[in-house]
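Hi everyone, and thanks for having me. Let's have a look at the structure together and walk through it piece by piece.

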Amino acid sequence: MSDEKTKELNKEPKAKKEKKRLSRVSVEETTEKLKPSMPFLFISCFSAIIVMLMICAGVFFANIKGAEQVLVPDVVGKSLEDGIIELQVKALYPNVTLRYSEDVTEKGIILEQSPEGGSIIKGFNTVTLVISRGDEEDEIPDYTGESIDDILSTENNSDDSKKKALISFAEPAYILNNSPAGTIIAQSPAAGSKIYKKTDVHFVVSKGSSVEKKEVPALEGKTVTDVILAMSESGLIYDVTYHSPKDGEVSGTVVSQNGSGIKDKYSRVSIEMSLDDSLDNEIVSGVFKKTLCDYPVPVDMYVEAVTPDGTKLDVAKFQHIGGYVSIPYSVPRGSVLKLYVLDDVKAETFIG
């Protein structure tokens, strides 16, 4: 190896040693400079730690602070839904238990509560509610085959207060049937259905196998009022059409009728009327039309007019078996006509 290379190798360790020496000197100088401020740095760090601990302690104790006291509402005798809502308003939680009750009309009603209403407790506590689940042994009897007169008579003279409280009989529907007249042939709810509250039982009753007959009245030349009266009293279904008055025709009258003589009750009779539906008149005439579902028995229907000033007028009341329904009218312009079927609005139209 040459002398020059040997000298270079010997120089490298010396350079490293010098660098280390300078580094130690630099650290020592920095330390000497920081010595005067060391107490201040120590106090600052210690103070920061104390402040952080105090903040954490404040948050902790704020979160574990006890809930405010509240007045327990009295929910006995109310429905479960209403009771729970009242408890939630007070930040209280329900604990629900069920039990049978001799009075089945109490099903779903709160019988007891603990703590009692009016008690003072902390919020977010639990209130125990005892709910009636009724008496599951009560059920609808089988009335089919019985006489409707006997059933209604039994209801009026029954000493069974529990039965009276739960079961009532709706107006029966009568249809033609081979069973003797007055025999119950169907019921709703079905026999054996469990009941826990007031329940209406609907009967379908046989009116015998003979078809009731009706004489078709002659309506040609009759007015709208006469047609509506016939719809109410004749026991027939009138399909009404109309056209604007022609030469020689009296506006507001029947100009033709298809059907006469004796017909089965609720048979359809077609009539055509001459009606002035001009919007220039204050009283507008026409035919209110609607197609409904077919009903197994005739049902009560009526048409009501609400005039522009809010007055309600009865236009027509009748029984109908459904399908195509048409009712003549003469009402003030701007009225709203409403067709009711069993007290439910099935159609309405504005007479502009």
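I'd like to start with two strands: β11 pairs with β14, which covers residues 268–274, in the parallel sense over 7 bridges. A word on terms: two strands pair if DSSP finds at least two bridges between them. Strands (E, at least two residues) and helices (H or I, at least four) are DSSP runs, numbered from the N terminus. If you want to find the pairing on your screen, look at I237, whose bridge partner in β14 is R268.

Before going further, please keep in mind that this is a predicted model, where local features need pLDDT of at least 70 and side-chain atom pairs count only at pLDDT 80 or more, while totals for chains, interfaces and linings use all residues. Residues are numbered from 1 along each chain as its sequence is written, and side-chain values use heavy atoms, with hydrogens and water left out.

Back to our strands. They belong to an open sheet of 3 strands in the order β11-β14-β12, with mixed pairing. Why is one side of β11 and of β12 left without a neighbour in the sheet? Because β11 (237–243) and β12 (253–258) stand at the edges, and each has a single partner strand. From one strand to the next, the twist averages 30°. Helix α6, residues 224–233, packs on this sheet and touches β11, β12 and β14; contact here means heavy atoms within 4.5 Å. The direction of α6 makes about 170° with that of β14. Such angles run from 0 to 180 degrees between N-to-C directions, with axes fitted to C-alpha atoms, for helices over the stretch in contact.

Strand β15 (residues 283–306) and strand β16 (residues 312–332) pair in the antiparallel sense over 18 bridges.

Now for the rings. How many aromatic pairs does the structure hold? There are 5. Rings of Phe, Tyr and Trp (its six-membered ring) pair if their centres lie within 6.5 Å; planes under 30 degrees apart count as stacked, over 60 as edge-to-face and the rest as tilted. Y143 and F169 have ring centres 5.4 Å apart and planes at 90°, so this pair is edge-to-face. The two are 26 residues apart, with Y143 in the loop between β5 (126–132) and α4 (148–157), and F169 in strand β6 (residues 167–169). Y143 and F203 are edge-to-face too, because their centres are 5.2 Å apart and their planes at 75°. F203 sits in strand β9 (residues 199–206), so this pair ties together parts that are 60 residues apart in sequence.

The relative accessible area of Y143 is 4%, and F203 is buried at 2%. The cut-offs are under 20% relative accessible area for buried, over 50% for exposed, and partly exposed in between, with a 1.4 Å probe and protein chains only.

Next, some details of the backbone. Most residues other than glycine have a negative phi, and most peptide bonds are trans. Here, the peptide bond from S114 to P115 is cis, with omega near 0°, and P115 lies in the loop between β3 (110–114) and β4 (120–122). The bond from S188 to P189 is cis as well, with omega near 0°; P189 is in the loop between β8 (184–188) and β9. Y266 has a positive phi near 70°, and is buried, with a relative accessible area of 15%. L342 has a positive phi of about 50°, but counts as exposed at 51% relative accessibility.
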